[in-house]
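This report describes selected local features of one protein model. Please look at the sequence and the structure first; the description follows.

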Amino acid sequence: MRVEAESVAAAGECAAGAWAWVLEQIRWDTQGPWIPVTVPAAGDSPPGPPEERDCLYDGIGGLALALGEIRLRREWTEEERTLADGIVARLSVAELGGECGLYTGLAGSLVAVTVLGGTATGLMDRLANLAKPTGWFSLIFDDQGGPINDLIMGNAGIVLACSWLGGERADGLVALGAEALVAAATPTPHGLSWRMYPDDRDRVMPNYSHGTAGIATALAVAGHRLGRPDLLEAARLGAEHLVALADLSDACFRLPLQLPSADDREPYAYGWCHGPTGTANLFDALRLAGVTSLAGRSCTQWRDQAARSIEASGLPARLRPGFWDNDGRCCGTAGVLDATLSYAQCTGDATRLAFADRLAAALVQRAVANPANPSHRYWQFHEHRADPPDLDPGVGWMQGAAGIAAALTRYTRIREFGLTAPSLALPDDCCLPPLD
């Protein structure tokens with residue numbers, strides 16, 4: 001127990017140091033706070049505000065989620081309160097932005113403002129005004145604007161955000177978005193599948209962030225929330241397609257990173273975005289919605305197989321060039337840690353925390369002390385094809401120190417207070433709390 005206590009203390013110290021480094025990177029201008037996407041490791045000043053300065057993915061919106069996690073552990077400092085107020089003021093300006101996605105636009109701002117205790121009425125008005133029969137359009141892949149189906153940028157993420165917010169008006173947008181997703185489905189021999197956007201003909205990414213897994217999850221959540229068996233059936237058919245596509249060897253569950261496969265990438269990924277870490281949310285959502293059987297097995301059995309494939313993969317060790325070079329929430333160790341903690345809390349199985357211990361220890365080991373202030377920490381992800389291979393440290397939620405600090409903060413809280421410790425409910429985590 002002494003070694004465990006020391007390890008937990010080290011994780012807490014690392015989380016605090018990383019968050020201190022994030023706070024050091026915050027800039028203010030006449031429009032409010034912003035953060036650089038990355039900070040040059042060479043010590044150069046970062047450029048001005050990025051174009052998508054407000055988003056959850058790597059903008060100031062993501063710091064709202066980190067603040068929400070920190071508030072579960074301790075009271076905010078005056079600096080953090082000022083930051084929270086600045087984020088709410090910035091994101092609550094309803095006329096800002098045309099992107100609507102959960103991680104790229106207005107749906108994410110709605111989540112961030114709500115986490116910080118603000119009022120999201122103006123953001124909801126804007127989201128409703130931008131809705132079309134095919135859902136919400138994005139300029140990210142189409143200069144003219146077109147519908148996107150996925151969880152990061154498109155209809156699936158917006159459906160999850162509105163389901164999470166709840167209320168009559170949000171439910172209307174849930175129905176609109178879910179019906180648009182059903183209309184965009186493609187029948188397959190075993191069920192239904194979706195592409196990220198209609199003209200994406202070169203590849204299919206079946207996992208959580210951009211593919212069928214995330215879209216079917218949103219439909220399961222929507223079907224449960226609205227009492228719509230038709231939406232739940234579409235979700236189930238999406239899951240049936242994925243089960244038929246998956247590698248089930250060794251009692252595991254993993255889907256290809258993309259189809260057709262790319263020569264310069266691993267055939268399978270294991271993180272939140274393109275691996276079983278995120279895709280397992282589909283089985284959680286279906287189970288909570290009352291689906292008892294999927295391809296002859298329970299949703300709990302499929303969820304267990306997904307978890308088994310993650311642990312059997314060898315991560316967080318960097319086994320070979322190109323395998324597990326990222327420690328962030330989206331594609332790396334922090335995302336797996338957070339999902340492992342959710343699964344342990346969901347099942348009440350404390351033995352799952354042994355894997356969380358390994359993940360947290362890897363994050364602590366890979367943290368870099370800031371030369372200008374050694375108590376501060378950040379992470380430099382590794383790109384084996386680049387020279388030099390260590391990338392500039394990221395600041396924000398999905399690919400930076402803010403998201404990693406939040407995961408370590410949650411880990412420390414659960415290790416200190418047990419599996420009943422409070423958790424921050426987020427739209428894309430379908431394990432905790434229940435959809436009810």
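## Loops, helix pairs and cysteines

Pro316 sits in the loop between helix 11 (299-312) and helix 12 (333-347). Helices (H or I, at least four residues) and strands (E, at least two) are DSSP runs, numbered from the N terminus. The model is predicted, local features need pLDDT of at least 70, side-chain atom pairs count only at pLDDT 80 or more, and totals for chains, interfaces and linings use all residues. Residues are numbered from 1 along each chain as its sequence is written, and side-chain values use heavy atoms, with hydrogens and water left out.

A cis peptide bond links Leu315 to Pro316, with omega about 15 degrees. Another cis peptide bond joins Leu259 and Pro260, where omega is about -5 degrees. Pro260 is placed in the loop between helix 9 and helix 10 (276-288).

That loop also holds Asp250 and Ala251. Most residues other than glycine have a negative phi, and most peptide bonds are trans. Asp250, although not a glycine, has a positive phi of about 55 degrees, and Ala251, also not a glycine, has a positive phi of about 55 degrees. For accessibility, buried means under 20% relative accessible area, exposed over 50%, and partly exposed in between (1.4 Å probe, protein chains only). Asp250 counts as exposed because its relative accessibility is 69%, while Ala251 is partly exposed at 39%.

Pro50 belongs to the loop between strand 2 (32-34) and helix 2 (60-71). Pro50 and Trp34 are 16 residues apart in sequence, and their C-alpha atoms are 8.4 Å apart in space. Leaving out residues up to four places away in sequence, Pro50 touches Trp34, Ile35 and Val37; contact means heavy atoms within 4.5 Å.

Two helix pairs are described next. Axes are lines fitted to C-alpha atoms, for helices over the stretch in contact, and angles run from 0 to 180 degrees between N-to-C directions. Angles under 35 degrees count as roughly parallel, over 145 as roughly antiparallel, 65 to 115 as roughly perpendicular and the rest as oblique.

| Helix pair | Axes come within | Crossing angle |
|---|---|---|
| Helix 8 (residues 212-226) and helix 9 (residues 229-245) | 7 Å | roughly 155 degrees |
| Helix 2 and helix 14 (residues 401-417) | 9 Å | roughly 15 degrees |

Helix 8 and helix 9 are therefore roughly antiparallel, and their crossing is left-handed. A crossing is left-handed if the near helix is turned anticlockwise from the far one by less than a right angle, and right-handed if clockwise. Residues making the contact include Ala216, Leu219 and Gly223 of helix 8 and Leu231, Gly238 and His241 of helix 9. The contact residues divide into 11 nonpolar, 4 polar and no charged. Ala, Val, Leu, Ile, Met, Phe, Trp, Tyr, Cys and Pro count as nonpolar, Asp, Glu, Lys and Arg as charged, and the others, Gly among them, as polar.

Helix 2 and helix 14 are therefore roughly parallel, and helix 2 passes helix 14 in a left-handed crossing. Leu63, Ala66 and Glu69 of helix 2 meet Ala402, Ala406, Thr409, Arg410 and Arg413 of helix 14. These residues divide into 4 nonpolar, 1 polar and 3 charged.

The structure holds 0 disulfides, a disulfide being a pair of cysteine sulfur atoms within 2.5 Å. For Cys100, the nearest cysteine sulfur is that of Cys162, 10.0 Å away. Cys100 counts as buried, at 2% relative accessibility.
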